[in-house]
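Biologist: Please take me through this structure and say what each term rests on.

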Number of protein chains: 2
Amino acid sequence: MGEVQTRDVAARLHSASIRLLRALRREDDGSGLSAPRLSALSCIVVEGPLSLAELAEAEQVRPPTMSRIVDALVGRGLVTRIADPRDRRSVRIMPTQEGSQLLIGGGERRVHALIGRLHKLADSERRALARGVEILERVAR
Amino acid sequence: MGEVQTRDVAARLHSASIRLLRALRREDDGSGLSAPRLSALSCIVVEGPLSLAELAEAEQVRPPTMSRIVDALVGRGLVTRIADPRDRRSVRIMPTQEGSQLLIGGGERRVHALIGRLHKLADSERRALARGVEILERVAR
DNA sequence: CACAATCATTAGCAATGCTAATCGGGGAAG
DNA sequence: CTTCCCCGATTAGCATTGCTAATGATTGTG
């Protein structure tokens, strides 16, 4: 494959990824949480109790930013801060029952919306896309 | 393709897109422009003169948001607003020479970085990915 | 001609991201 | 034991991005 086509693939992949995520982001509305808050909550629920620094690192954000997001989640009763008994500088952030349920019940709205879009494809196209996604995963890593 | 595999493709596509864009976002630093500004400038350079509404629609953003982004690009001399002679309510937004050069010369750092990643693939993989990207464009639209 | 529709902008709000500064606990050196 | 420094989290303050509502200017229509 020539350089020209490679550039074309790169530019279009970049553009399509942006559009896809922007389109899917609208699905987040149903949860009543913004994208960063939903993502942080998901991380807390899935990865169990985390310190603030760990959470910030997982979400690729600075500690003050994450501290404020946690504030908002605490304010909605989705998450709690617990002082770490071993090191009282640190906090352990855990989901409340309500927080866990919001994620489980709401069920990955973004993925669900994406499945809906994939259903409109022909079967052969879905297979070709599946192959492309495998390669995309390597490219993104 | 079964429902289970479709869900798998959807979840992995979502996750891979997020990772890809996060990785590429680091490249933006060198341009001195934020991601939305760089993306808007790229659209203006590639798609030629556009009205504000067209540009907002292309970037999936509301007109006031885009108006402010254009303000910033005008302030840096990367873009100009020209009154449309056919309809004086409308403006035509064009790149300046400096704006075009920033993209062409220094620019498209993200795409350039992505090309580097694609070069590590086997030729057959690049072709399969190219096919997947075509389909992804339809899914994302 | 009057009136509604359209395009862009302005005003004002909330949220996200950052850095710098601060508070308080932990740990090591003297 | 005390002092001094490091470290985790938070607070303060700024810039940017996103939105909706309202305003201005212009176009087209009844």
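Modeller: Chain A reads α-α-α-α-β-β-α-α-α along the sequence, with 7 helices and 2 strands. Helices (H or I, at least four residues) and strands (E, at least two) are DSSP runs numbered from the N terminus. This is a predicted model, in which local features need pLDDT of at least 70, side-chain atom pairs count only at pLDDT 80 or more, and totals for chains, interfaces and linings use all residues. Residues are numbered from 1 along each chain as its sequence is written, while chains are lettered from A and ligands numbered from 1 in the order in which they are written.

Biologist: Why is chain A called more spread out than a compact globule?

Modeller: The radius of gyration is taken over C-alpha atoms, and the globule rule is 2.2 Å times the number of residues to the power 0.38. For 141 residues the rule gives 14 Å, and chain A has 19 Å, well over that value, so chain A is more spread out than a compact globule. Along the principal axes, its C-alpha atoms fill a box of roughly 60 × 30 × 20 Å.

Biologist: What share of chain A counts as buried?

Modeller: A residue is buried if 20 or more other C-beta atoms lie within 10 Å of its own, exposed if 12 or fewer, and partly exposed in between, with C-beta atoms placed from the backbone. In chain A, 26% of the 141 residues count as buried.

Biologist: What makes a set of residues a nonpolar core, and which residues have the most contacts inside the largest one?

Modeller: The set must consist of buried Ala, Val, Leu, Ile, Met, Phe, Trp, Tyr and Cys residues joined through C-beta atoms within 7 Å. The largest such core has 29 residues, and Leu136(A) and Leu136(B) have the most contacts inside it. At least two residues of this core come from each of α1 (3-25), α6 (109-118) and α7 (123-140) of chain A and α1 (3-25), α6 (109-118) and α7 (123-140) of chain B. Another core, of 18 residues, lies apart from it and includes Val45(B) and Met66(B).

Biologist: Which residues is Leu136(B) in contact with, leaving aside its neighbours within four places in sequence?

Modeller: Contact requires C-beta atoms, placed from the backbone, within 7 Å. Leu136(B) is in contact with Ala16(A), Leu20(A), Leu129(A) and Gly132(A).

Biologist: How do you know that the copies meet through the same surface?

Modeller: Of the interface residues of chain B, 100% are also interface residues in chain A, so the copies meet through the same surface. The contact takes 42 residues from chain B and 42 residues from chain A. On the side of chain B, α1(B) gives the largest share, 18 residues.

Biologist: Why are the two copies said to be related as by a two-fold rotation axis?

Modeller: Copies are superposed by least squares on the C-alpha atoms of residues with pLDDT of at least 70 in both. Chain B is superposed on chain A by a rotation of 179 degrees with 1.4 Å of shift along its axis (RMSD 2.0 Å). The two copies are thus related as by a two-fold rotation axis. In chain B, the C-alpha of Ser17(B) is nearest the axis, 3.0 Å from it.

Biologist: What makes a residue count as near a DNA strand, and how many surround DNA strand D?

Modeller: Its C-beta atom, placed from the backbone, must lie within 6 Å of the strand. DNA strand D is surrounded by 23 residues, with Ser51(A), Ala53(A), Pro64(A), Ser34(B) and Arg62(B) the closest. For DNA strand C there are 23 residues, the closest being Ser34(A), Arg62(A), Ser51(B), Ala53(B) and Pro64(B).

How values were computed. Contact = placed C-beta atoms within 7 Å.
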